[in-house]
Amino acid sequence: MATLPIVRLGHPALRTPAEPLPASRLATPEMQRLIDDMIEAMRDAEGVGLAAPQVGAGLQLFVYEALDEENPAGSIPLRAVVNPMVEPLPGEMVYDWEGCLSIPDLRGLVPRHPQVRVRGLDRHGKRLDYVAAGFEARIVQHEFDHLNGVVFLDRMRDLHSLAFYDEWEEYLRESDGSSSADRPE
Ligand SMILES: [Zn+2]
């Protein structure tokens, strides 16, 4: 089975707000297969997150996962989030590098809230209500933005940090010791 193609910047799906996914439709084999296919596409692309608009589906749905083999305790387990509401919790904005599977090869410094409360449904229609912090909070905000037609470039306060991956790795990566931008979202 071929992997779902990921659309790139310029595709209208990335700039169109996604529609809520009714629980009855979420339960259909078609939607369950879409979720499985999105997980496969994210893993194949070595990304840490993927939102439905990135595969051309205008639905409020994203998946994410960030496994860290060197530090399993720091791994972010697989989640599928449907019809999310993401509420920032108090805290200073944090700058870190981001990339995006729909904007291949570019990295930039993006400010994000350090913690967010996430409410929505899981893939089985069960209610989700949890707090995401740190890198997980960053992934959630990046994916939630995709559901509103927003990409990380829109969130950058200063385009001077924008760089191609190879140049980022050579000149910029060590500037804050972060490796999160190794894997795009
Ligand atoms: Zn993205």
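**Strand 5 and the zinc site**

Student: How do strand 5 and strand 8 pair?
Tutor: They run antiparallel, with two bridges between strand 5 and strand 8, the latter covering residues 163–164. Keep in mind that this is a predicted model.

Student: Okay, and which residue does Arg-107 stand opposite?
Tutor: Ala-163, over in strand 8.

Student: What about strand 4, how many bridges does it make with strand 5?
Tutor: Six, again in the antiparallel sense, with strand 4 spanning residues 94–100. Trp-97 sits across from Leu-109 of strand 5.

Student: How many residues lie between strand 4 and strand 5?
Tutor: Two, and the pair of strands makes a hairpin.

Student: Switching to the metal: which protein atoms are donors of the zinc ion?
Tutor: SG of Cys-100, NE2 of His-142, NE2 of His-146 and O of Glu-185, at 2.0 to 2.5 Å from the zinc ion. Along the sequence, their spacing reads C-x41-H-x3-H-x38-E.

Student: What do His-142 and Glu-185 tie together?
Tutor: His-142 is in helix 3 (residues 134–147) and Glu-185 is in the segment after helix 5 (165–172), so they link parts 43 residues apart in sequence.

Student: Are those two buried or exposed?
Tutor: Buried, both His-142 and Glu-185.

Student: Why is the arrangement around the zinc ion irregular?
Tutor: Because the angles between the four donor atoms run from 91 to 141 degrees, and a tetrahedral call needs all angles between 85 and 135 degrees.

Note on methods
Residues are numbered from 1 along each chain as its sequence is written. This is a predicted model: local features need pLDDT of at least 70, side-chain atom pairs count only at pLDDT 80 or more; totals for chains, interfaces and linings use all residues. Side-chain values use heavy atoms; hydrogens and water are left out. Two strands pair if DSSP finds at least two bridges between them. Helices (H or I, at least four residues) and strands (E, at least two) are DSSP runs, numbered from the N terminus. Donors are N, O and S atoms within 2.8 Å of the metal (3.2 Å for Na, K and Ca); water is not among the atoms, so sites may look incomplete. Four donors count as tetrahedral if all angles lie between 85 and 135 degrees; four count as square planar and six as octahedral if opposite donors are over 155 degrees apart and all others between 65 and 115; anything else is irregular. Buried means under 20% relative accessible area, exposed over 50%, partly exposed in between (1.4 Å probe, protein chains only).
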